[in-house]
Amino acid sequence: MASSIVLPSISLTKAAFGASESFRSSSSLGFKNEIRRVSRLNLEKSRVFMSVAVGSDAVVVDDALFKDYKPSSAFLFPGQGAQAVGMGVEAQKVPAAAELYTRANDILGFDLLDICINGPKEKLDSTVLSQPAIYVTSLAAVEVLRARDGGQQIIDSVDVTCGLSLGEYTALAFAGAFSFEDGLKLVKLRGEAMQDAADAAKSAMVSIIGLDSAKVQQLCDAANEEVDEANKVQIANFLCTGNYAVSGGLKGIEAVEAKAKSFKARMTVRLAVAGAFHTGFMEPAVSRLEAALASTVIRTPRIPVISNVDAEPHANPDTIKKILARQVTSPVQWETTVKTLLSRGLKKSYELGPGKVIAGIVKRMDKGADIENIGA
């Protein structure tokens, strides 16, 4: 997707970087490295829950700033579905990680850690709770890593980040696009808005196991022939070959499940989510997200953050806001994201947060991929 905001130059002020620097717009590796070098001078000792200022609101940023990024080390953050009762226990051994849950309680108005550790599962699985729980626990995992021997060096080496659906917010917080608190407020509202949109219509999601994307599309087409417009289905999560999630109206999802065997699918798994995420069913959530994003300070990330919508990094804060608002109704392009990272030379990646879903996807796409799980 071509960016709607591509401007000719970027001027980063002394207030932004602590030095008088003026850069011409460039997509070269040298420009990217200069941004990273200057950013790290100011940020290497900052913690993820601090508001990180990279640039100022007055700065005009070329959205193609990170276009030709060359990844070597990546942080990957999980999305909804990764939650599990008991997460957050390890984080309590690290003061900086434990503090994130305390700060979260003030924003959320309830004891998030208690729900993470004790459940019950049905409560933790709800959209309004699982999204903030995963966001906080994933950033707590960054602090768990920081506290271990050599952890800060690993964090400093990361030159690209992304996350699966909800995980994109976590990645943006890690990259300094917004503060921990502002990100959590957005995630809280996102979960509530998505739950409300799901409550407004009978919809669902199902994973199709064992087919490539073309076959899954054919399966969706066949199901759509049997249902009305309100029950249409589509591929919502492009995870990897053999694992795609389909979203849509309840009758359409039931038709997909009934026809899956005839299309040689190995199995279908109904997902424990509130409704048809990443489709037009989530349209009612968009305006609420747009309003919240409009009032949130978003800065140019200090490293590329790959979007779920178009599998590209974006630098302009206004573009990032538009992308995040569209994300809930757009299919997740995770397969393209991982393929691009690997093809561009990614050497090492880390999955930070609950579960090992992302590591499984990466390994399925490249058995030799070097990925490590960091839990909290």
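A: K264 is exposed, with a relative accessible area of 66%, where exposed means over 50% and buried under 20%, with a 1.4 Å probe and protein chains only. This is a predicted model, in which local features need pLDDT of at least 70 and side-chain atom pairs pLDDT 80 or more, while totals for chains, interfaces and linings use all residues. Residues are numbered from 1 along each chain as its sequence is written, and side-chain values use heavy atoms, with hydrogens and water left out.

K264 lies in the loop between α11 (250-259) and β8 (267-270); helices (H or I, at least four residues) and strands (E, at least two) are DSSP runs numbered from the N terminus. Its phi is positive, near 70°, whereas most residues other than glycine have a negative phi.

A311, also not a glycine, has a positive phi of about 60°, but A311 is buried, with a relative accessible area of 5%. A311 sits in the loop between β9 and α13, and D310 is found in the loop between β9 (305-306) and α13 (317-327).

D310 is buried without a salt bridge, the nearest side chain of opposite charge, R326, being 6.3 Å away; a salt bridge needs a side-chain nitrogen of Lys or Arg within 4 Å of a carboxyl oxygen of Asp or Glu, and for charge Lys and Arg count as positive, Asp and Glu as negative, with His and the chain ends not counted. The D310 side chain does make polar contacts with the side chains of S307, at 3.5 Å, and of H314, at 2.8 Å; such a contact is a pair of N or O atoms within 3.5 Å, one able to donate a hydrogen and the other to accept it, and residues adjacent in sequence count only if both atoms are side-chain atoms.
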